[in-house]
Amino acid sequence: MKRKKKITIGIGLLLVGILFWQFGFFTRFNYLTAQLDIWKDKPRLVSCEFENLKPGVRKIKLNRKYGFYRTNEACFVNQTELNGIKIYNAEIERYLNKRNGKNWREKYEAELDSLIKINRVE
């Protein structure tokens, strides 16, 4: 009986570990780190794609105005890391919706477009 109980507990822990790994809990970006970054007032939106606009001082100030930072991860991430990033970004989006209102994304994009136009003129 004792051996059977140890095997059952071992299999249960293995399954929980695989579940945590699948949802990205062992990567830099996950649900827990999103909550920690929100608590420290340093939320960031993570992207895995190439951004055409260079991060200038104006864009950084715009991001701070809306209460977040941008982080661009390497484009070579595995599925586990991608799952963690999706979960992280979902929590940050939920926080930003509370902080800035439901339609903050449209306002942000409009201001960002005007910054892009100003940079092209200069």
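Guide: Let's start with helix 4, which covers residues 79-100 and has 22 residues. Helices here are DSSP runs of H or I with at least four residues, strands are runs of E with at least two, and both are numbered from the N terminus. The expected span of a helix is 1.5 Å times one less than its number of residues, so helix 4 should span 32 Å; its end C-alpha atoms are 31 Å apart, which agrees. Keep in mind that this is a predicted model: local features need pLDDT of at least 70, side-chain atom pairs count only at pLDDT 80 or more, and totals for chains, interfaces and linings use all residues. Residues are numbered from 1 along each chain as its sequence is written, and side-chain values use heavy atoms, with hydrogens and water left out.

Now look at the two ends. At the start of helix 4, Asn 78 has a side-chain oxygen within 2.8 Å of the backbone nitrogen of Glu 81. Just after helix 4 comes Gly 101, with a positive phi of about 100°.

Along the helix, quite a few residues are tucked away. Buried means under 20% relative accessible area, exposed means over 50%, and partly exposed is in between, using a 1.4 Å probe and protein chains only. The buried residues of helix 4 include Gly 84, Ile 85, Tyr 88, Ile 92, Tyr 95 and Leu 96. For the protein chain, 27% of the 122 residues count as buried.

Helix 4 also has a link to another helix. Glu 93 and Arg 105 meet through their side chains in a salt bridge, 2.2 Å from N to O; that term means a side-chain nitrogen of Lys or Arg within 4 Å of a carboxyl oxygen of Asp or Glu. Glu 93 lies in helix 4 and Arg 105 in helix 5, so the pair ties together parts that are 12 residues apart in sequence. Both partners are partly exposed: Glu 93 has a relative accessible area of 22%, and Arg 105 has 25%.

Helix 5 (residues 104-121) takes part in another pair. Lys 65 forms a salt bridge with Glu 111, and their closest N and O atoms are 3.1 Å apart. Since Lys 65 lies in helix 3 and Glu 111 in helix 5, this pair ties together parts that are 46 residues apart in sequence. Lys 65 is exposed at 52% relative accessible area, while Glu 111 is partly exposed at 26%. The structure holds four salt bridges, and one of them joins Arg 28 to Asp 37 at 3.6 Å, N to O. There, Arg 28 is partly exposed at 41%, but Asp 37 is buried at 4%.

Stepping back, the protein chain has five helices and two strands, running α-α-β-α-β-α-α from the N terminus on.

Notes:
A polar contact is a pair of N or O atoms within 3.5 Å; within protein, one must be able to donate a hydrogen and the other to accept it, and residues adjacent in sequence count only if both atoms are side-chain atoms.
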